[in-house]
Amino acid sequence: MTAVLDTAPAEPKSPAAPGRGRLVLTRLLAARGATAGAVIVLLLFLLAFAGPYLTPWDYATPNYTAIRQPPSAEHWFGTNGIGQDVFAQTVRGLQKSLVIGLLVALLSTLLAGLVGACAGYFGGWADRALMFLVDLLLIFPSFLIIAIVSPKLKGAGWLAFVLLLALFNWMITARVVRSMTLSLREREFVRAARYMGVAPFRIILRHILPNVSSFLIIDATVTVGGAVMSETALSYFGFGVRPPDVSLGTLLAAGTDQAPVFPWLFYFAAGLLVLFVLAINLIGDGLRDALDPTSDRSTP
Amino acid sequence: MSASLLEVSDLTVDFGAVPAVRGVDLAVRRGETLGIVGESGSGKSVTALAVLGLLPRAAAVGGSVRLDGRELVGLPDKELARIRGSRIAMVFQDPLSAFTPVYRIGDQIVEALRIHRPQGRAAARRRAAELLDLVGIPAPERALDSFPHEFSGGMRQRAMIAMAIANDPDILLADEPTTALDVTIQAQVLDVLRTAQRETGAALVLVSHDLGVIAGMADRVAVMYAGRVVETAPVDELFARPRHPYTLGLIGAVPRLDGRGGPLVPIPGTPPAPGTVTGCPFAARCPLVEDRCRTAEPALTGDDGHLAACVRAGELAARAPRPEEVYPVPPVPPAGRPGEEILRVTGLVKTFPVLKGTVFKRRVGTVHAVDGVDLAIRRGETLGLVGESGSGKSTTLYELLALTRPEAGRIDLLGRDTAGLDRAGTRELRRAVQIVFQDPMASLDPRMPVGDIIAEPLRAQAAPRAQIDRRIPQLLRQVGLEPAHASRYPHQFSGGQRQRISIARALAVEPELLVLDEPVSALDVSIQAGVLNLLQRLKAELGLAYLFVSHDLSVIRHLADRVSVMYLGHTVEAGTVESVFESPRHPYTRALLSAVPLPDPVAERARTRILLAGDPPSPRERPSGCPFRARCQVHALLDDARRARCEQEVPLPQAAAPGVDHLAACHYPDA
Amino acid sequence: MIGYLARRLGYYAVLLVVAVFLAYALASAALGPRTYFEAKQPRPSAAAVDRQLTALNINDRTPVTTRFGVWAEDLVLHGDLGRTIHDTSVNEEFGRRIWVSLRLLLVGSLLGMALGVAGGAWSAVKQYRLPDRALTILSFVLLSMPVFLVALFLKNGAIAAKDATGREVIPFVGYETPGLAGGVGAHLADWGLHLLLPTLALALGGLATYSRYQRSTMLDVLGSDYLRTAEAKGLTRNRALLKHGLRTAVIPMSTMFAYNFLALFTGAAFTETIFAWHGMGEWFIQAINEQDVNAVVAVNLFAAVTVLAAGFLADALHAALDPRVRY
C-alpha cells in the first residue's frame with residue numbers, strides 16, 4: 001500500500017483546486033448508476049405526488065360496474081375486485097411508502113448518530129449502558145416486537161408506525177458510528193481540540209459528527225430503501241399500514257392471491273417497489289464511491 | 001569490473017497517465033550493497049517493486065530488468081514466481097502488515113521454504129528454526145508458533161529477514177527495512193541485514209530515505225528524484241563531492257548528531273506533481289537554475305562511476321562547495337537568555353490498568369507508563385525529551401496537558417500546581433500551553449477550512465470575533481503561508497505546509513509553552529529543515545519555551561538547549577545538550593547515541609557501536625532495581641557484588657558534580 | 001479462546017434473561033386475551049373469563065411480575081412454556097414446529113453464506129469484468145426485494161409452471177407431501193424438493209448481502225502488504241489470493257453472520273407463511289391474531305435463543321478465524 005501511496009500525485013495546491021463538495025458532485029455524476037438511480041427516484045417521487053392529480057379516479061371509491069378490468073386507456077393499471085382504480089391506489093400507496101421510508105431513515109439515522117457518537121466519545125459507563133441497550137434491541141428481530149405492539153397502535157395511525165420502525169432500526173448504524181468515534185476520539189485533531197479546552201458536546205458537533213457524516217449520509221440513503229422494504233413486509237402481513245390507508249405493502253397483500261390470474265393487481269406495485277429500492281441502492285453505492293476518498297473508479 | 005547480476009535499464013512505471021518511474025538505470029553486482037535514497041514520491045519503492053513484478057495491475061511497466069541476462073519484464077506470473085523468493089527476495093517496510101496476521105510465523109517461513117524446494121514439513125520447520133536463530137530471535141523453536149501480532153516490531157523485521165534469506169537468494173531487496181523501528185532496534189536490524197548478507201553472499205539493494213543508514217550500509221548509492229536517478233556514485237565520493245544540487249541540498253538539510261548550531265539548509269518548495277514538468281524536475285527548487293534547465297531534462301552522465309543528471313555537474317565537481325554556499329540560508333535571530341522557570345515536573349507517575357473482558361471489565365495488570373519523571377523548563381528555553389517507543393514520553397506530555405492532579409508527583413505550570421486548579425485557572429493554562437502533533441494530516445480536521453482550524457483555540461478562549469478575524473491572516477503570514485490560504489482545506493496543502501498550519505493554530509492564543517510532539521518526524525528531510533528553521537525563528541521572536549519530544553537525537557541536538565532522556569517511564573539522564581551529547585553518563589544514552597547513523601560514510605565506518613541486547617521489556621513488568629539493567633552493557637561486565645546493587649536499588653538522578661546541570665540515574669555512571 | 005467464549009456466553013445469558021422479561025411484559029401489555037374470551041359465543045360470564053385467564057396464567061389483573069415469576073419458575077423447573085389460549089400445551093406445539101423452522105433457517109443461512117462468500121471473492125478477483133458486473137447487478141436486484149416478495153415471485157413462478165405443464169413441477173405448499181408412500185429415500189427426496197423454494201427465497205438474500213460485503217473486504221485485502229509478501233516469497237498471484245487473501249478477508253464475515261441472521265429470521269417467518277409451512281413464524285402471526293400471550297412469548301424466546309446462538313457462533317467463528325482476538 002505504501003508504495004502505491006508513494007506514487008500518488010501530490011495534493012493539488014493550485015488556487016483553483018475544487019472544493020470538496022464539487023469534487024463529490026463530479027464523482028457522483030461520473031458514476032452512471034448513481035445518476036440513473038437519482039433520476040428514477042425523482043421520477044417516482046413525481047409519480048407519487050403528482051399521480052393522484054393525473055387520474056380522475058379516487059383510490060378508495062369502489063365502482064361495482066368495473067370489476068377486475070385489465071389495464072386500459074380508462075384504467076391505466078386496471079381495477080381490483082371492488083372496482084377501485086389500481087393506478088390511483090398504486091400512486092397513493094407509493095406516496096405513503098416513500099414518506100414512511102424517508103421519515104424512518106431520517107429519524108433512525110439521527111438517533112444512531114447521536115447514540116453512537118456519545119457512546120464512543122464518552123466511553124465508560126455511558127458507553128456500556130448504551131451498548132447493552134443496543135444488544136438488547138438486537139436480540140429480537142424487530143418484526144416480532146412491531147407485530148406485538150401494532151394491534152395497540154390501531155388508532156394512532158401510520159405516524160406511530162414510523163416511530164416504531166425508526167426505534168428498531170438504528171442499532172447497527174449506531175454500533176458503526178461508535179467504533180468510528182472511538183478511533184476519531186484518539187485522532188490528533190480531536191485531542192488538540194480537547195487540549196485547547198473545547199467542550200465535549202462542541203467537539204462531537206464540530207469534529208466527530210462531520211467526520212462520520214459521509215457514512216451517515218450513505219447509511220441514511222440505504223436505510224430509506226430498507227425502511228420501505230420493512231414497511232411493505234409488515235403491511236403485507238397486516239401489522240403496518242391498515243385500510244383504509246393504502247401502501248405498497250397493503251396493495252401487495254390484496255393482490256397476491258390473484259396474481260397468477262389478474263397480474264395487474266400484484267405486479268405494478270411489486271415492480272414499483274423493486275424499482276424504487278434498486279434506485280436508492282444505486283445512489284447509495286455511488287455516494288459510497290464519491291464520498292470515500294480512497295475509492296477510485298477511474299482506474300480499471 | 002565484473003558483469004552485473006541485476007541490470008535495470010530505462011525502467012518506466014506509469015499509473016494511468018501518471019508517471020512514477022521515468023527511465024531508471026541501475027546495475028547491481030554480486031555481493032555488493034546498492035543504496036537507493038530519495039524522498040517520498042521519488043519512485044524508489046516503486047522501482048524496487050517493479051523489479052519483482054509486484055506492482056498492482058494498474059501499473060504499466062516498461063524498459064528492461066535483467067537477472068543474469070534473463071529479461072524479467074513481461075515474464076508470466078508463473079515464471080516470475082519461481083524467481084521471487086528464491087533468487088530475489090524482498091524485505092518490506094512495515095513488518096506488522098507484511099505478515100499475514102492469521103498464520104503463525106513458522107508456517108509462513110516454512111511455506112517460503114517449501115514453495116521453492118519441496119521438502120518435508122519437519123525438515124522445513126527445523127530449517128526455519130535455524131533461520132530464526134541466525135537472525136537473533138531467542139528461543140526460535142517457540143517463536144515459530146507465535147503469531148505476527150505477538151512479536152515486537154524489531155522481532156518481526158528479523159523474522160521477515162529470516163524469511164527473505166530462506167532460499168539463499170542472490171539479491172536481497174530491502175524497502176525501508178528500519179523506518180518503522182526505534183533507533184536502537186534499527187541498529188540491531190541493520191546488523192542482522194549485514195549478517196544475512198554475509199551468510200548468503202547476496203547482493204543487497206537497500207531503499208531508504210535516511211542518508212545516515214545509506215552512508216553506513218551502502219557501497220554505491222543512487223539518489224532518486226521525481227522518478228529518476230539524478231546522481232549515482234560510490235558512497236564516499238557521493239557524500240564528499242556531490243555533483244547534483246539536490247544531493248548537496250539533502251546533505252545540508254539533515255541535522256547532524258556531531259555538529260550543532262546554525263540553520264539547516266532548506267530546499268525551497270516541494271517536488272513537482274508527476275508528469276507536470278518539462279525540463280529538469282528540480283529546476284523550480286534549484287538555486288543554480290539556468291534557462292536551459294527548464295527546456296530539456298539533462299541526461300545522467302559522468303565518469304569513474306560517478307554520474308549526475310545536471311548541466312552544472314562539472315562545475316560542482318570542480319568546486320565542491322558546502323551546502324550553505326549554494327543554498328540561501330535564512331538568518332535565525334539569536335535566542336535570548338532563558339528567563340524564569342515556567343514548568344516543573346517532579347516524580348510524575350501514570351499507570352494504566354490492563355483490562356480484559358467486554359462488558360464486565362476486570363483488571364489483570366498494570367502498565368507503568370510513567371514511573372518517576374522530572375522535568376524543568378525556563379522561559380525561552382527548548383527542552384528536548386528523548387526516548388524510544390514505550391519510554392513514556394508521550395504519556396508524560398498528555399499528563400501535562402490534562403491539567404489535572406497527577407496520580408503521583410507534582411506538575412507546576414507558570415507557578416501553579418495543576419492539582420488545585422479552578423475553572424479560571426484551567427482556562428488560563430489551556431491558553432498558556434499549546435501542542436503541535438506529529439502527523440500534520442491527523443492533527444487537522446479534514447472537514448474544516450484552515451481559517452476555522454486556526455480560530456479554534458481562540459474560540460475556545462471566547463475571543464471576540466473581530467480579534468479572531470484580525471489574528472488569522474497575521475498568523476498565516478507568521479508561519480510563512482498566505483492569508484488567502486484561510487479558506488482552503490487541509491488536504492490542499494503539502495505535509496510541510498500542514499505542519500505550519502498546526503504551528504499557526506498553536507500560536508493563535510499566544511502561549512508561553514509550546515509542546516511539540518515529534519513535529520517533524522512525518523516530514524521529508526528537505527521539508528523538515530524548513531520547519532525546524534521556522535521553529536527556531538519563532539522561539540527567538542516570541543520568546544517561547546519548547547518542550548520538544550522526539551525519537552530523533554539529531555533533531556534534538558540541533559534544536560534543544562537542554563535534553564532529558566527517558567527509558568521505561570524513568571528519566572535516566574538530563575542536562576545541557578552539550579554535556580549530554582559530548583559526554584553521556586548513562587549507559588543507555590551512550591548506546592542510544594552510538595545507534596544513530598551519521599550521514600557521513602567515513603565517520604560512520606570509524607565509529608564503535610554499542611549494540612543493545614533484545615527489546616525493551618514490556619512496561620507491564622516492573623523490574624526491581626534499575627529498569628535498564630536487563631539490556632545494560634555496563635551491568636553485564638560488573639562483578640556480582642556491584643551487580644546486586646543494580647538489581648535491588650532504583651538508581652536516583654545524581655548530578656555529575658555539585659551544581660552541574662547534568663544528572664544521570666545510574667549507580668555506575670561514567671563506567 | 002475458551003475463556004473468551006465463556007465470557008461471551010455469560011454476557012449473552014444476562015442479555016437473554018433481560019430480553020425475555022421485556023418481551024413477556026410487552027406481550028402481556030399489548031395483547032388482550034380477555035377480549036378474545038369475551039368475544040366468544042355464547043359470551044361467558046366475567047367470572048368464568050377471569051377463571052380461565054388465571055388458569056392460563058395470563059390474567060391481566062394479576063401483576064405482570066407475578067405472572068412472569070410463575071411462567072419463569074415453570075420454565076426453569078419443569079421446562080414448561082405454559083398453555084396456549086386454547087388450553088393446549090405450548091411445549092407440544094413448540095416441539096412440533098421448531099424443527100420445521102430450524103431446517104429452513106439452517107439450510108438457508110449456510111447456503112446463503114457459502115454462495116455469498118464464494119461469489120464475493122470471485123467478484124473481487126474479477127473486478128470490473130463480466131462475472132463481477134453480472135453478479136453485482138444480480139445482487140443489487142436481489143437486495144432491492146424484500147424476502148416475502150422473492151418468496152412470492154418464486155411461488156408464482158411455481159404456480160405458473162404447474163399451470164403450464166399441468167402437474168406440480170416444484171412443490172410450493174408445505175414441507176412434505178402428506179401421506180407419501182415409499183422408503184426413507186423417497187421421503188428425503190420429497191423433503192429436499194419441498195425445501196427448495198423456501199430455502200432459495202432465504203439464501204438469495206444472503207447471497208446478495210454476503211457477496212457485496214465479501215467483495216469489498218476482498219478488495220481491501222488485494223492491496224495489502226501481506227499479500228505482496230506472499231507473492232514476494234514465490235507464490236503465484238492466484239495462490240497468494242486464495243491462501244492468504246481469502247483466508248483473511250472472510251474474518252469480517254463472522255460479524256456479518258450475526259447481523260444477517262436477524263434479517264434472515266424475519267425473512268423465514270414470512271417465507272413459512274407464504275409456503276404454508278407450519279413453523280414458528282406462522283405460529284407467531286396466528287398467535288398474535290388470537291391474543292395468545294404464552295405462544296407469542298414462546299416464539300420470542302425461540303427467536304432470542306437462535307439469534308444469540310448465531311451471535312455466539314459468530315464469536316466462535318471469529319475467534320477461530322482470527323488469532324488476534326484469542327486473548
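Predicted model: local features only at pLDDT ≥ 70, side-chain atom pairs only at ≥ 80, totals over all residues.

Mentor: Residues are numbered from 1 along each chain as its sequence is written, chains are lettered from A and ligands numbered from 1 in the order in which they are written, and side-chain values use heavy atoms, with hydrogens and water left out.

Trainee: How many helices and strands does chain A have?
Mentor: Helices (H or I, at least four residues) and strands (E, at least two) are DSSP runs, numbered from the N terminus. Along the sequence, chain A reads α-α-α-α-α-α-α-α-α-α-α-α. The count is twelve helices and zero strands.

Trainee: What share of the residues of chain A count as buried?
Mentor: Buried means under 20% relative accessible area, exposed over 50%, and partly exposed in between (1.4 Å probe, protein chains only). Chain A has 300 residues, and the buried share is 51%.

Trainee: Which residues of chain A lose the most area to chain C?
Mentor: Contact means heavy atoms within 4.5 Å, and here it takes 44 residues from chain A and 48 residues from chain C. Buried area is the accessible area (1.4 Å probe) that two parts lose on being put together, summed over both. For chain A and chain C this is about 4,100 Å², with 77% from carbon and sulfur atoms. In chain A, 17% of what that side buries comes together from the residues that lose the most, Ile139(A), Ile148(A) and Phe237(A).

Trainee: What area is buried between chain B and chain C?
Mentor: That contact takes 33 residues from chain B and 27 residues from chain C. Carbon and sulfur atoms give 59% of the buried area, which is about 2,800 Å².

Trainee: Which residues lie nearest the centre of the second largest pocket?
Mentor: On a 1 Å grid over the protein atoms alone, a cavity is a set of points where a 1.4 Å probe fits but cannot get out, and a pocket is an open set with protein on both sides within 12 Å along at least five of seven lines; lining residues have an atom within 4 Å of a point. Elements that each supply at least two lining residues include helix 4 (86-122) of chain A and strand 13 (341-356) of chain B. Of the 30 lining residues, those nearest the centre are Tyr121(A), Arg194(A), Tyr195(A), Ala402(B) and Arg430(B).

Trainee: Which residues are closest to the centre of the largest cavity?
Mentor: A search of the whole structure finds twelve cavities of 30 Å³ or more. The largest cavity is lined by 15 residues, and closest to its centre are Cys280(B), Cys293(B), Pro298(B), Cys310(B) and Val311(B).

Trainee: Is Ser391(B) buried or exposed?
Mentor: Ser391(B) sits in the loop between strand 15 (382-386) and helix 14 of chain B. Beyond its neighbours within four places in sequence, Ser391(B) contacts Ala369(B), Met566(B), Tyr567(B), Leu568(B) and Gly569(B). Because its relative accessibility is 3%, Ser391(B) counts as buried.

Trainee: Which residues does Gly267(C) touch, not counting those up to four places away in sequence?
Mentor: Gly267(C) is placed in helix 11 (residues 251-274) of chain C. Its relative accessibility is 4%, so Gly267(C) counts as buried. With residues up to four places away in sequence not counted, Gly267(C) touches Val147(C) and Leu202(C).

Terms used: Points joined across faces, edges and corners; volume = space filled by probe spheres on them.
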